[in-house]
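Me: I would like to learn how to read a structural model feature by feature, with the criteria stated as we go. Could you take me through one?

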Amino acid sequence: MSAHHDLLKIYHEWRDWTVREGEAIRSADWPRMHSCQNAKLELQDRIIRGTQAARAELVRSGGDWAEVEAQLRREVTSLIDLEHRNEASLAEVRGRALAEKDELDRSSRQLRQRSEEHTSELQSHSFISYA
């Protein structure tokens with residue numbers, strides 16, 4: 001297999017990890033999302049080495065790097081779109097979590113206020129009963 005095909009295979013691995021990452025985001029499976037991100041981080045060095053190997057192979061064989069580069073650009077553009085979708089999903093999950101936190105904060109404040117009112121009422125009843 002050629003270095004060019006090996007490089008495309010690495011990009012397809014990236015796509016697979018990105019799809020899994022999106023699924024993990026949408027299901028709020030944060031450990032799985034973290035694993036996907038780590039896997040993609042490890043792929044970065046392979047992409048760099050693969051790109052260098054594919055370019056060197058094409059230079060040796062007299063191939064057309066511009067044609068390969070155009071194909072790689074299409075692949076990368078597609079991956080960027082997928083990453084943006086994951087980013088949007090993550091922003092949506094984060095927005096829902098922040099809204100839930102705000103609601104919990106409001107409820108907590110209301111409960112504290114009711115507790116203080118109730119304590120005050122109890123204290124006034126205790127004062128009256130001792131009087």
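Me: What should I know about the model before I read any values?

Reply: This is a predicted model, in which local features need pLDDT of at least 70 and side-chain atom pairs count only at pLDDT 80 or more, whereas totals for chains, interfaces and linings use all residues. Residues are numbered from 1 along each chain as its sequence is written, and side-chain values use heavy atoms, with hydrogens and water left out.

Me: How do I read the span of a helix, and what is expected for helix 1 at 1.5 Å a residue?

Reply: Helices are DSSP runs of H or I with at least four residues, numbered from the N terminus, and the expected span is 1.5 Å times one less than the number of residues. Helix 1 has 24 residues and reaches 35 Å from its first C-alpha to its last, close to the expected 34 Å. For helix 2, with 32 residues, the end C-alpha atoms are 45 Å apart, which agrees with the 46 Å that it should span.

Me: Which residues of helix 1 are buried?

Reply: Burial is read from relative accessible area, where buried means under 20%, exposed over 50% and partly exposed in between, computed with a 1.4 Å probe on protein chains only. In helix 1 the buried residues include L7, L8, I10, Y11 and W14, and also the charged E21. L7, which lies in helix 1 (residues 3-26), counts as buried because its relative accessibility is 0%. In helix 2 the buried residues include L43, I47, G50, A54 and L58.

Me: What does L7 touch, once residues up to four places away in sequence are not counted?

Reply: Contact means heavy atoms within 4.5 Å. By that criterion L7 touches I47, G50, T51, A54 and L72, while I47, with its neighbours within four places in sequence left aside, is in contact with L7, I10, Y11 and W14.

Me: Which members of the largest nonpolar core touch the most other members?

Reply: In soluble globular proteins, nonpolar side chains tend to be buried together. A nonpolar core is here a set of buried Ala, Val, Leu, Ile, Met, Phe, Trp, Tyr and Cys residues joined through side-chain atoms within 4.5 Å. Of the 14 residues in the largest one, L7, Y11, I47, W65 and L72 touch the most other members. The elements that give two or more residues to this core are helix 1, helix 2 (30-61) and helix 3 (65-130), and the largest share, 6 residues, comes from helix 1.

Me: How many salt bridges does a search of the whole structure find?

Reply: Side chains of opposite charge can pair when their charged atoms come close. A salt bridge is counted when a side-chain nitrogen of Lys or Arg is within 4 Å of a carboxyl oxygen of Asp or Glu, and the search of the whole structure finds 10. One of them joins E83 and K40, at 2.6 Å from N to O; this pair links distant parts of the chain, with E83 in helix 3 and K40 in helix 2, 43 residues apart. K40 counts as buried because its relative accessibility is 5%, whereas E83, at 25%, counts as partly exposed.

Me: Where do E92 and R96 lie?

Reply: Both lie in helix 3, 4 residues apart, about one turn of the helix, and their side chains meet in a salt bridge at 2.8 Å, N to O. E92 counts as exposed at 52% relative accessibility, and R96 as partly exposed at 46%. D105 and K101 also lie in helix 3, 4 residues apart, and meet in a salt bridge with an N to O distance of 2.8 Å. D105 is partly exposed, with a relative accessible area of 30%, and K101 counts as partly exposed at 44%. Salt bridges that share partners join E21, K40 and E83 into one network.
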